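Dear colleague,

Please find below the structure that I am handing over to you. My findings follow directly after it.

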Amino acid sequence: MNEPMPGGRPGPEPVPEPVAGPVAEPVEAAPGPSGAPVAAPSGPAGPAPLGGGVTPTGVPDVDTRLDRLADADDLPVSGHLEVYEDVHRGLRDTLTALDRRPGPPAPPGPSS
């Protein structure tokens, strides 16, 4: 019970002492292929694919780089940066190459 504080107001609720030892989390069973419940595996989960699809662009250099993103699905998070930087570098190089291609001549400027 709360003991009154000066002024007649109740004091703060007592804080329960922590319980020593691990606390088991409840595991909900999910139906398996046969319909019977299957318990979730215990322990840390490994890398799982994000499941994001990539729509082909029709540009082979770009599509090859976008396909490379799937490599990150099989790597731990610490390996993602290398894949993302490689894809970014390749896409940047592809865009830069567009600036180097000869195009139609520029229209003539105004004559003075």
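Thr94 has a relative accessibility of 19%, and because buried means under 20%, Thr94 counts as buried. Please note that the model is a predicted one. Thr94 belongs to helix H2. Leaving aside residues up to four places away in sequence, Thr94 touches Asp61 and Val62.

The protein chain contains 2 helices and 2 strands, and from the N terminus on its elements follow the order β-β-α-α. Of its 112 residues, 12% count as buried. Where contacts between residues at least 6 apart in sequence are considered, 18% join residues at least 24 apart.

The two helices

Helix H1 covers residues 60-68 and helix H2 covers residues 80-100. Their axes lie 9 Å apart, and the helices pack at an angle of about 170 degrees. Angles over 145 degrees count as roughly antiparallel, so H1 is roughly antiparallel to H2.

Helix H2

The length of H2 can be checked against expectation. H2 has 21 residues, which at 1.5 Å a residue should span 30 Å; the C-alpha atoms at its ends are 31 Å apart, in agreement with that value.

Which residues of H2 are buried? They are His80, Val83, Asp86, Val87, Gly90 and Thr94. Around the axis these residues cover an arc of only 145 degrees, and they therefore sit on the same side of H2. The buried residues of H2 pack against H1. On the other side of H2, the exposed residues are Leu81, Glu82, Leu95, Asp99 and Arg100.

Helix H1

In H1, the buried residues are Val62, Asp63 and Leu66. Viewed down the axis of H1, they fall within an arc of 95 degrees, so they line one face of the helix. These buried residues of H1 pack against H2. Pro60, Thr64 and Asp67 are exposed, and they are carried on the face of H1 turned away from its buried side.

The loops on either side of H1

Two loop residues may also be of interest to you. Gly53 is located in the loop between strand S2 (37-38) and H1. With a relative accessible area of 75%, Gly53 is exposed, because the cut-off for that class is over 50%. Gly53 and Asp67 are 14 residues apart along the chain, and their C-alpha atoms are separated by 9.6 Å. Asp67 is itself one of the exposed residues of H1.

Ala70 is located in the loop between H1 and H2. Its relative accessibility is 41%, and Ala70 therefore counts as partly exposed. A distance of 9.1 Å separates the C-alpha atoms of Ala70 and Val54, which are 16 residues apart along the chain.

In summary, the points I would ask you to keep in view are the roughly antiparallel arrangement of H1 and H2, the buried residues of H1 that pack against H2, and the buried residues of H2 that pack against H1.

Yours sincerely

Technical notes. Residues are numbered from 1 along each chain as its sequence is written. This is a predicted model: local features need pLDDT of at least 70, side-chain atom pairs count only at pLDDT 80 or more; totals for chains, interfaces and linings use all residues. Side-chain values use heavy atoms; hydrogens and water are left out. Axes are lines fitted to C-alpha atoms, for helices over the stretch in contact, and angles run from 0 to 180 degrees between N-to-C directions. Helices (H or I, at least four residues) and strands (E, at least two) are DSSP runs, numbered from the N terminus. Angles under 35 degrees count as roughly parallel, over 145 as roughly antiparallel, 65 to 115 as roughly perpendicular and the rest as oblique. The expected span of a helix is 1.5 Å times one less than its number of residues. Buried means under 20% relative accessible area, exposed over 50%, partly exposed in between (1.4 Å probe, protein chains only). The arc is that of the directions from the helix axis to the C-beta atoms. Contact means heavy atoms within 4.5 Å.
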